[in-house]
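Welcome, and please have your viewer ready.

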Amino acid sequence: MRPRIDLSLIRQSLRLLNDSTFFDRRLHDFTEHLIAAIDHVLAGASQYDRAIVMQFAGLMRRVQSYLAGSTTNEIPYEVVYCLNNALAPWVNRETIIVTSLTEGHNFHLLPVDPWNFIRTAITGYDTGGFNILLVMIGVPRLYSHKPVFCVPLFHELGHFVDVAHKISDLTILRNSAAVAPSGADELAHRREFFADLFSSCFVGYAGIEALTAIAANNPASYTHPSTIDRVKVVSDFLSQASNPIVDMFTDAVSALGLPSLTIVSSKADLTADFDDLRTFGSSNIKEVFGIFESAWHYMFNAIDNGRNPWGLASVRETDIETLVNDLTEKSIRNYALRVAWNEAAAP
Amino acid sequence: MLAAASPEREKFPYLFHLALELVSAGKDLPEPLSKHMELVSRQAMDVLMNPAAVSANTLPEAIQLALQLRSSEQLRRAFPPDLTGFTAVAARRLLSLEQNRAASH
């Protein structure tokens, strides 16, 4: 379609979206700024080359599609809260994470940054310093309120960080010795290793245990390392054993002035609380991250060993799963509410 | 999955690509876009020649472009030597190479 027509349609859609209730109030500001930028281009499109208007329209289409999926009340707020906290040290700008619920088992994470394009190419429009990055995550609808099962999102966040900073790309320039089998995609393999390592900083072994649950014996493919190799790299990292792939990424993030790859979570000793059907009270965000690994192990220990500390007449796997995910969700929510309350009450 | 190999990865960073499109058509670049193109080109060459020189100020687009240049002598030869003199011919050549790489992936 013609870019001006597309922009008008997108503008209409954004206006409708902004009149409904976004989950995050900042999305209203974000959308208003976008509408203003689109209005500017539509009012004076002749001042911009058609190629610029076309790319702008393409970018706006993408943003509109992300925002359209964000008004639902099915968003996994607690997981998004954790992802925001994990991401903050790695991007030096405000970020809004929006969610689309996917059918099937599809986790993904896609960023979009309209402001860099607008500052560089739509030069007649003043962004006023507005610079919020929008990140859309795809979560399987089945898992939208199952935070323990959303552990793969930390892996996806690792991909986002990698691609945003071109970390794996840099490792090839600085360490050209192949880590992928001959004929495989070297960059893709390194990106998977990085995403696994990044995830493990926050959710410990839960990330690779989730991988093992899905793809236990996968050999190396064109795009992915073998599961065995992925497990080894993360295990070495978490046990602080020497590993050349870990060293390679440590070197790259250091060269780029990024945070180091270190274990950010701390153990959440939640067994007694969950046995008593109580939420776990985290003292800090590190313990919140630690909930994911601890809850994962708690759940599968209970399922695999037939634990029933709750005194229920009978316990099925689905009962344990529901109970643990529910307590996990509420534990994270309680912490988030406490933090918000304390911030609001601060003098 | 974000990192799956795809033809998108063979494309130039999107603002650099836009700049090439405009130059190839004989159009003037907005000044910020022109500066961006020059900066990305220069940093990409610097990183390519000396990956140890990367810093927090190195643009991700420059790293992406450096990796693309590393993998293709044709791309390297299509870059103007002084990195500021992208002619329409050079821009068209680079866009053509980009298209071929994306199509063959």
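A salt bridge here is a side-chain nitrogen of Lys or Arg within 4 Å of a carboxyl oxygen of Asp or Glu. Keep that cut-off in mind for the first stop, and remember throughout that this is a predicted model.

**Stop 1: a charged pair.** Select A:Asp49 and B:Lys27 and show their side chains. They meet in a salt bridge, with 2.4 Å from N to O, which lies within the 4 Å limit. How many salt bridges are there between chain A and chain B? The count is 1. Polar contacts between the two chains come to 3 residue pairs, with both residues at pLDDT 80 or more.

**Stop 2: the side of chain A that touches chain B.** Now colour chain A by its elements. Those that each supply at least two residues to this side are helix H3 (50-68), strand E2 (108-112), helix H5 (114-121), helix H6 (152-165), helix H7 (167-174) and helix H8 (186-203). Which of them gives the largest share? Select H6(A): 7 residues of this side come from it. Colouring by class instead, you will find 19 nonpolar, 11 polar and 10 charged residues on the side of chain A that touches chain B.

**Stop 3: the whole contact.** Chain A brings 40 residues to the contact and chain B brings 30 residues. Between them the chains bury about 2,900 Å², and 67% of that is on carbon and sulfur atoms.

**Stop 4: a covered helix.** To see them, select A:Glu78, A:Val79, A:Val80, A:Tyr81, A:Cys82, A:Leu83, A:Ala86 and A:Leu87. Then bring in what lies over these buried residues: the cover includes strand E1 (95-102), strand E3 (133-140), H6, H8, helix H13 (285-305) and helix H14 (317-345) of chain A.

**Stop 5: zoom out.** Show chain A as a cartoon, and you can pick out 14 helices and 3 strands. Its radius of gyration is 22 Å, close to the 20 Å that the globule rule gives for 347 residues, so chain A is as compact as a globular protein of that length. Along the principal axes, its C-alpha atoms fill a box of roughly 70 × 50 × 45 Å. Of the 347 residues in chain A, 55% are buried. Finally, take the contacts in chain A between residues at least 6 apart in sequence: 75% of them join residues at least 24 apart.

Conventions. Residues numbered from 1 in each chain as written. Chains lettered and ligands numbered in written order. Heavy atoms only, no water. Contact = heavy atoms within 4.5 Å. Buried area = accessible area lost by both parts, 1.4 Å probe. Polar contact = N/O pair within 3.5 Å; in protein donor to acceptor, adjacent residues only side chain to side chain. Helix = DSSP H or I, 4+ residues; strand = E, 2+ residues; numbered from the N terminus. Nonpolar A, V, L, I, M, F, W, Y, C, P; charged D, E, K, R; others polar. Buried < 20%, exposed > 50% of the residue type's maximum accessible area, 1.4 Å probe, protein only. Rg over C-alpha atoms; globule rule 2.2 N^0.38 Å.
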